[in-house]
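Welcome! Please look at the sequence and the 3D view below, and keep both open while you read the short tour that follows.

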Amino acid sequence: MIKNMLFTLSRGSTWTLGIPYLWLLLFFAVPFIIVLKISFSTAAIAIPPYESIYQYADESFQLILNLGNYILLMEDSMYYEAYLSSLKMALFSTIGCLLIGFPMAYAIARAPKSAQGVLLLLVMLPSWTSFLIRVYAWMGILSNNGLLNNFLLWLGIIGEPMQMLNTNFAVYVGIIYTYLPFMILPLYSTLVKLDMSLLEAASDLGSRSINTFWRITMPLAKGGIIAGSMLVFIPVVGEFVIPELLGGPDTLMIGKVLWQEFFNNRDWPVASSLAMIMLALLIIPITLFHRYQSREMEKGL
Amino acid sequence: MKKLKFSSLMLWVGMAFLYIPMIILVFYSFNASKLVTVWGGFSAKWYGELFKDQQLLDAVGTSLTLAFFSACTAVILGTMAAFVMTRFRHSVAKLTLSNMITAPLVMPEVITGLSLMLLFVAMSDALGWPKERGMVTVWIAHSTFCAAYVAVVVSARLRELDRSIEEAALDLGARPLKTFMLITVPMITPSLVAGWFLSFSLSLDDLVIASFVSGPGATTLPMVVFSSVRLGVSPKINALATIIILTVSLIALLSWYLTRRKEKRAKLAMQN
């Protein structure tokens, strides 16, 4: 056992494990401890704009934890509503992506092998161009004198321009549009492995197609559904750019609130406690995603 | 067969949904009118305006430099992590690493940005470094989150590899590093290139994290675009969008064509 461990951690291996380990520890894990620390400090007009939570003077070490930021978040209903509406919007957009993405992924996985590559490329291509530009594209389409309104007016469906930009509807369109490829990719990779003979067996045994879909296709695609949903749900909860550009004054999302606390109010402690609570809300979905991802990564072992 | 038809229909509707907004952007970038929604004849003048905007050109330079260095660092870090994930035995250290490497994939950007920014402030307070935020801090931030994507791409390839070749080299007495460089790297090169390009485009595109960790000296392209777009639609941004969309499409199509040609050749070689 000990010999094994020494073998696996030879000098080269120590470096291979050590370098990314230390890098991530310093630039990914430690920052969260600092956010936690600052979420307990008091805002101050200084550089940096918060007071230290501990001090050492006259041979006494004092640790002052200011719970005020968290109490503020609980007392002011604005924050509470922002969390709730972020979770709600993330949930509905995940369902939207799933409803559009599943049939698309299914069609790609069932396409001839030679066509699959092109189709996947076509799905992924938009996500390699700029995210910001793709959100921006919808500003021109949804605005009051924009293309969609003009089109609907021309068709005679509406008599006067509809307010679409700066509404929650625009935010949903923007989110589904930009996150759709991230849903399709993991769905495709599970659906393509699906053994068609199982579906044939079910239909040979008299199962109706809808029944086969629910009882065979869906359970086998579970991994892809979870991964795709988490890839959409988690980042959307903290989304800032889309509600900022497409949303209106009544669009309340926690990413936007955090941004304003940090950049406009320069209240770093409140921004930190907002981040800590967001993280606490997301810990279950993140764990779910991580379990799927590490299983995928370690399959070869 | 009915369901199959429905899914094919959805595929084309979905593709239209993905591409129509981008086609509209490209189309309107050649609009002579300043009003973005009114067609005023064909003109390429917005492209001219674009290349006169010095602030924008500077930002392009900053972003390309950052993307280049971040992608290189991310490929090194991500490949090392992927190697640990696919080749090392289970240990506490490996478990912690695998926990840390996938988390940036889904972490909301505002949290990553805020936490890194606070780290840099705390570090400059305690260690005197970094003195001010700028290119270096954005480079660190981008390398960190891009490494996660590289790790996913490269580990997928490492998993598929036939390990007997590596083992043969080791058995014949090659040092692990030499085996990695001479045997493993050539076999995973496509995924390293893919990871590099993915990181490059992620870094080029990031607005939120860069806004948190950047300083006065380092304004990236998305930051400039965002402050302009906030004020509304502008034909100049349409022109910029067109250039970005066309460049990315060209690179993607070219790389797809090259890999396909290579695969075809390999198939032919196998048949002969």
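## How confident is the model?

Chain A has an average pLDDT of 88, and 95% of its residues score at least 70; pLDDT is the predictor's confidence in each residue, from 0 to 100. Residues 1-7 of chain A have a pLDDT below 50, and beyond near neighbours in sequence this stretch has zero contacts in the model. Here, two residues are in contact if their C-beta atoms, placed from the backbone, lie within 7 Å.

This is a predicted model, where local features need a pLDDT of at least 70, side-chain atom pairs count only at pLDDT 80 or more, and totals for chains, interfaces and linings use all residues. Residues are numbered from 1 along each chain as its sequence is written, while chains are lettered from A and ligands numbered from 1 in the order in which they are written.

## Chain A at a glance

Let us begin with the overall layout. Chain A has 14 helices and two strands; helices (H or I, at least four residues) and strands (E, at least two) are DSSP runs, numbered from the N terminus. The C-alpha trace of chain A spans about 85 × 75 × 35 Å along its principal axes. Its radius of gyration is 25 Å, whereas a compact globule of 301 residues would have one near 19 Å. That radius is taken over C-alpha atoms, and the globule rule is 2.2 Å times the number of residues to the power 0.38.

Of the 301 residues in chain A, 43% count as buried. A residue is buried if 20 or more other C-beta atoms lie within 10 Å of its own, exposed if 12 or fewer, and partly exposed in between, with C-beta atoms placed from the backbone. Among the contacts in chain A with a separation of 6 or more, 70% are between residues 24 or more positions apart.

## A hairpin and some loops in chain A

Now find the two strands. Strand β1 (residues 54-57) and strand β2 (residues 60-63) of chain A pair in the antiparallel sense over four bridges; strands pair if DSSP finds at least two bridges between them. Ala57(A) stands opposite Ser60(A) in β2(A). The two strands form a hairpin with two residues between them, and Asp58(A) in the turn has a positive phi of about 50°. Glu59(A) lies in the loop between β1 and β2 of chain A and has a positive phi of about 55° although it is not a glycine. Is Glu59(A) buried or exposed? Glu59(A) counts as exposed because it has 5 C-beta neighbours inside 10 Å.

Asn166(A), in the loop between α7 (147-155) and α8 of chain A, has a positive phi of about 65° although it is not a glycine. Asn166(A) is partly exposed because 19 other C-beta atoms lie within 10 Å. Asp267(A) is found in the loop between α13 (254-264) and α14 (268-298) of chain A. Leaving aside neighbours within four places in sequence, Asp267(A) is in contact with Ala43(A) and Glu261(A).

## Chain B

Chain B has eleven helices and zero strands. Its C-alpha trace spans about 70 × 65 × 35 Å along the principal axes, and 44% of its 272 residues count as buried. In the loop between α5 and α6 of chain B you can find Pro130(B). A cis peptide bond joins Trp129(B) and Pro130(B), with omega of about -5°.

## Where the chains meet

How many residues of chain B are in contact with chain A? There are 71, and they are in contact with 77 residues of chain A. The largest share of the side of chain B that touches chain A, 16 residues, comes from α1(B). By class, this side has 52 nonpolar, 13 polar and six charged residues. Ala, Val, Leu, Ile, Met, Phe, Trp, Tyr, Cys and Pro count as nonpolar, Asp, Glu, Lys and Arg as charged, and the others, Gly among them, as polar.

In α10(B), the buried residues include Leu221(B), Pro222(B) and Phe226(B). What covers the buried residues of α10(B) includes α6 (131-142) and α12 (241-246) of chain A, together with α3, α8, α9 (208-213) and α11 of chain B.
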